[in-house]
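Reader: I would like to learn how to read the features of a structure like this one. Please take them one at a time.

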Amino acid sequence: MANEDLGKLKIDRGVAARPGPRRRRTGWIAAAVAAAVLVILFFSGVLTPAVTVEPGTVTQVYPSQSFTSLNASGYVVAQRKAAVAAKITGRLDWLGVEEGSRVKRGDILARLENQDAVAARDQAAATLRNASAGLDQARAELADATLAYERQKQLLKDGIVAKADYDAAEARYRKARAAVAGAEASIRAAQAALKGAEVNVEYALIRAPFDAVVLTKNADVGDIVTPIGAAANAKAAVVTIADLGSLQVEADVSESNLEKVRVGQPCEIQLDALPESRFRGAVHMVVPTADRSKATVLIKVRFVDTDPRILPEMSAKVAFLERPVAPGEEKPRTAVAPAAVVERGGRKVVFLVKGNRVVETPVTVGARLGDMIEIASGVKPGDRIALKPLDKLKDGTKITLAEK
């Protein structure tokens with residue numbers, strides 16, 4: 001009885017080796033889940049190698065770039081510019097302008113110490129007044145001498161006076177006439193002396209020779225100003241002024257490209273100080289000489305429209321155009337390289353670079369702008385995009401950027 005009980009405790013290994021239906025079903029489910037995860041990871045790019053792409057940037061392009069025949073660089077130069085100085089030597093007593101001051105022709109910019117010149121002018125004026133008084137006296141004497149002479153002439157004719165009395169009256173008359181002539185000459189001399197004295201006073205006043213803006217102040221009150229600046233501490237120019245209405249861009253053009261430039265040709269000017277602005281211009285002059293050391297010719301381009309932001313000596317770039325800029329072509333447009341645009345599913349798309357992946361982004365394509373293509377919508381300037389290889393990319397593809 002005891003042996004029968006012990007026999008029941010014996011393990012049947014053949015039965016244990018065969019899995020039951022439930023365990024087989026659990027294994028199949030686990031295998032299916034693992035396969036699904038692998039498929040998801042593969043198609044999501046986790047298990048696929050990253051694609052090395054060449055990146056690019058969405059930029060802004062001006063339409064004029066598509067009909068630009070030549071580009072050159074230069075500087076903004078005032079065609080009317082003057083270093084204003086005094087004609088005499090003296091100490092600067094007053095300065096009425098500073099950098100940026102706008103002046104009109106004839107305005108007094110500065111004054112030299114001029115007390116001696118003012119005193120000489122006053123003396124000349126007094127001399128002139130004295131000469132005028134002398135002329136009045138001489139004329140009065142002449143009038144009296146003339147009456148006496150005419151009276152003696154009549155009396156001599158009537159035989160009433162002696163010839164000696166007549167001769168004395170005539171001599172007095174002639175002397176009075178000479179005195180009047182001398183007084184008139186003295187007045188002219190006094191007037192000339194006064195004019196010279198006034199000129200000397202004017203020399204101490206430094207005036208603007210034309211309408212302009214003060215660019216630099218070269219002397220201060222108390223400095224000795226001299227026309228030639230010969231003294232060690234003397235200043236030759238008090239201020240430097242320029243007519244901002246005469247600003248032009250002076251650019252060097254290679255001799256080999258000179259045939260692409262003509263007088264009156266439309267241009268577009270870009271200043272480094274104002275990169276977001278474009279200014280209309282036109283070729284004003286082709287300077288009729290070449291620089292043999294650089295093999296270039298100087299071209300002067302005038303501004304069609306004035307702008308207070310344009311200042312002398314600014315660096316500039318000039319685009320020589322084949323035709324004038326039409327209305328609507330003044331503003332920049334968003335553009336990309338044509339190679340960045342592909343067609344997927346019947347629509348134009350680009351691949352935006354977002355971290356280590358790309359995002360397929362639909363875009364609206366516009367006109368060609370030179371070697372670029374306009375993008376009307378979908379991306380904005382500054383966005384990074386993939387240029388190639390686009391055939392290996394799709395939405396969400398893992399990428400690495402090629403080193404340049």
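**Loops, strands and helices**

Author: E313 lies in the loop between strand 15 and strand 16. Helices (H or I, at least four residues) and strands (E, at least two) are DSSP runs, numbered from the N terminus. The model is predicted, so local features need pLDDT of at least 70 and side-chain atom pairs count only at pLDDT 80 or more, while totals for chains, interfaces and linings use all residues. Residues are numbered from 1 along each chain as its sequence is written, and side-chain values use heavy atoms, with hydrogens and water left out.

Reader: Which peptide bond is cis?

Author: The bond from K388 to P389 is cis, with omega near 0 degrees. P389 sits in the loop between strand 23 (384-388) and strand 24 (399-401).

Reader: How do I read strand pairing, and which strands pair with strand 16?

Author: Two strands pair if DSSP finds at least two bridges between them. Strand 3 (residues 68-78) runs antiparallel to strand 16 and is joined to it by seven bridges; G74 stands opposite A316 of strand 16. Strand 13 (residues 266-271) pairs with strand 16 in the antiparallel sense over five bridges, and here C267 stands opposite F320. Strand 16 (residues 315-321) is mostly covered, with five of its seven residues buried.

Reader: What is the order of the open sheet of four strands, and which strands stand at its edges?

Author: The order is 4-11-9-6, with antiparallel pairing. Strand 4 (81-85) and strand 6 (102-103) stand at the edges, each with a single partner strand, so one side of each has no neighbour in the sheet. Strand 4 and strand 11 (residues 237-242) pair in the antiparallel sense over five bridges, and K81 stands opposite A242 in strand 11.

Reader: Is S277 buried or exposed, and which residues does S277 touch?

Author: S277 lies in strand 14 (residues 274-291). S277 is buried because its relative accessible area is 17%. Contact means heavy atoms within 4.5 Å. Not counting residues up to four places away in sequence, S277 touches I269, Q270 and R309.

Reader: How do helix 4 and helix 5 pack?

Author: Two packed helices are described by the angle between their axes and the distance between the axes. Axes are lines fitted to C-alpha atoms, for helices over the stretch in contact, and angles run from 0 to 180 degrees between N-to-C directions. Helix 4 (residues 115-158) and helix 5 (residues 163-203) pack at about 165 degrees, with their axes 7 Å apart. Helix 4 and helix 5 are therefore roughly antiparallel (angles under 35 degrees count as roughly parallel, over 145 as roughly antiparallel, 65 to 115 as roughly perpendicular and the rest as oblique).

Reader: How many helices and strands does the protein chain have?

Author: The protein chain has five helices and 24 strands. Of its 404 residues, 34% count as buried.

How values were computed:
Buried < 20%, exposed > 50% of the residue type's maximum accessible area, 1.4 Å probe, protein only.
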